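Please take a look before going on.

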Amino acid sequence: MIDYLRQAMEDTPGITLPLPDGAAEVHEGDAYDLLDKLPGNSVDLIITSPPYWGLRTYGLSHNEDVLHEWEAEGGSKEEPPPYDWYRLHGGCLGMEPLPEWYVSNLVEIFQRSASALKQGGSLWVNIGDTYFARWSSIRFDGRQGLGDNPRMRRKTPMGGFRQEKQLLMIPARFAIAMQDKRWILRNDLIWEKRNVPPRPEKDRLRLAHEHFYHFVKRPKEGRPKYYYDMSAVEDGARDVVNVNVSAGSDGHSATFPVKLIEPRILSSSPPNGLVLDPFCGTGRALAVAVKNGRRAVGFEITSNFSSSARMNATNLRFASEASDESTGSEGVQPQTHLF
Ligand SMILES: C[S@@+](CC[C@H](N)C(=O)[O-])C[C@H]1O[C@@H](n2cnc3c(N)ncnc32)[C@H](O)[C@@H]1O
């Protein structure tokens, strides 16, 4: 975490929420800090895609010695440090030395959203998986294995399930860890991406899906009750949706496709409800929320993406379907800049 941002966070008393005529607010900073500053019971829907594990840095600096520093302080690999310790020692979300640390950090951050999320609210988290490689290639931006974006190599500790070529099942580990923290999992929506580009591997199929988990809060007693408008979901209401990945926007490689998130926003938040994306990147979820008569709040750690999000959040064109983002079908030409 950049020191000046941390100081600014400590000095910020609380987050003002957008009024109906204010539509959207974007705050620059670490979601970990900002979530804690939201008023209680204020958010109807959290919809987001955090950085995935071990793929890219989004240009943030990361301390590759963070594991050794944790061990030097008496910690062990198996026991992840608290997120606050991790970032104070130069750790960046998504660049954890071990996938277990990543899951622990993510869950800790999402736990901080619980008091702001209304009892009848929803949390939708889009997350993709990673194959283990002892020597992995991390991009500053862009899609792993594609293009000529700058990249670095790093050595990841092997052991247990962390073995060469292993699909790490990070989304499942995350979902189970969230269940262990009392979240109720309502759907594991599969986002099928028919236009993923070819991969060089000759001994496995292409990874052509990601998960979009729908969590709700567990009540003190009884069954969970939450807002849901079934008339706003895709035809057939199936838990597999087929949406092409599209070229990123504003230099971001992981912009949400509108078709993936619009049905979630419409079905999981009421008109004029408050929608939050704590890892908002270019602000696509905010823009789609605002276009649909919701209020939106976004958090983003980098100043370049938070500026983009601020501009995009009320931009109707940005909130509308891009031409290359149509529902996937066999034979679609792969894009070159995917996430
Ligand atoms: C997968 S991208 C989200 C893209 C977004 N869905 C969009 O449509 O543009 C994750 C974003 O989280 C940001 N980020 C990384 N660590 C963060 C943190 N601790 N707090 C807030 N934002 C963070 C990254 O800079 C990146 O823009």
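This is a predicted model: local features need pLDDT of at least 70, side-chain atom pairs count only at pLDDT 80 or more; totals for chains, interfaces and linings use all residues.

## A strand and its partners

Which residue in E10 stands opposite alanine 24? The residue is alanine 296.

Strand E1 (residues 24-28) and E10 run parallel and are joined by five bridges. Strand E9 (residues 274-277) also runs parallel to E10, with four bridges between them, and here leucine 276 stands opposite valine 297. To get from E9 to E10, the chain passes through helix H8 (residues 284-291), and this β-α-β crossover is right-handed.

## Two faces of E10

In a regular strand, side chains alternate between the two faces of the sheet. In E10, Arg295, Val297 and Phe299 point one way, while Ala296, Gly298 and Glu300 point the other way. Both groups are buried, and the strand is mostly covered, with six of its six residues buried.

## Around the ligand

The ligand is surrounded by 22 residues, the closest being Ala31, Phe279, Gly281, Thr282 and Arg284.

## Helix H5

Which residues of H5 are buried? They are Pro99, Glu100, Trp101, Tyr102, Val103, Ser104, Asn105, Leu106 and Phe110. These buried residues pack against helix H4 (83-88), strand E3 (117-127) and helix H6 (170-180).

## Two residues with positive phi

Asparagine 41 sits in the loop between H2 and strand E2 (43-48). Its phi is near 50°, a positive value in a residue other than glycine. Is asparagine 41 buried, exposed or partly exposed? Asparagine 41 counts as partly exposed because it has 13 C-beta neighbours inside 10 Å.

Alanine 237 is found in the loop between strand E7 (209-216) and strand E8 (240-242). Though not a glycine, alanine 237 has a positive phi of about 45°. Alanine 237 has 10 other C-beta atoms within 10 Å, so this residue is exposed.

Terms used. Residues are numbered from 1 along each chain as its sequence is written. A residue is near a molecule or strand if its C-beta atom, placed from the backbone, lies within 6 Å of it. A residue is buried if 20 or more other C-beta atoms lie within 10 Å of its own, exposed if 12 or fewer, and partly exposed in between; C-beta atoms are placed from the backbone. Two strands pair if DSSP finds at least two bridges between them. A crossover is right-handed if, with the strands pointing away from the viewer, the path from the first strand over the helix to the second runs clockwise. Two residues are in contact if their C-beta atoms, placed from the backbone, lie within 7 Å.
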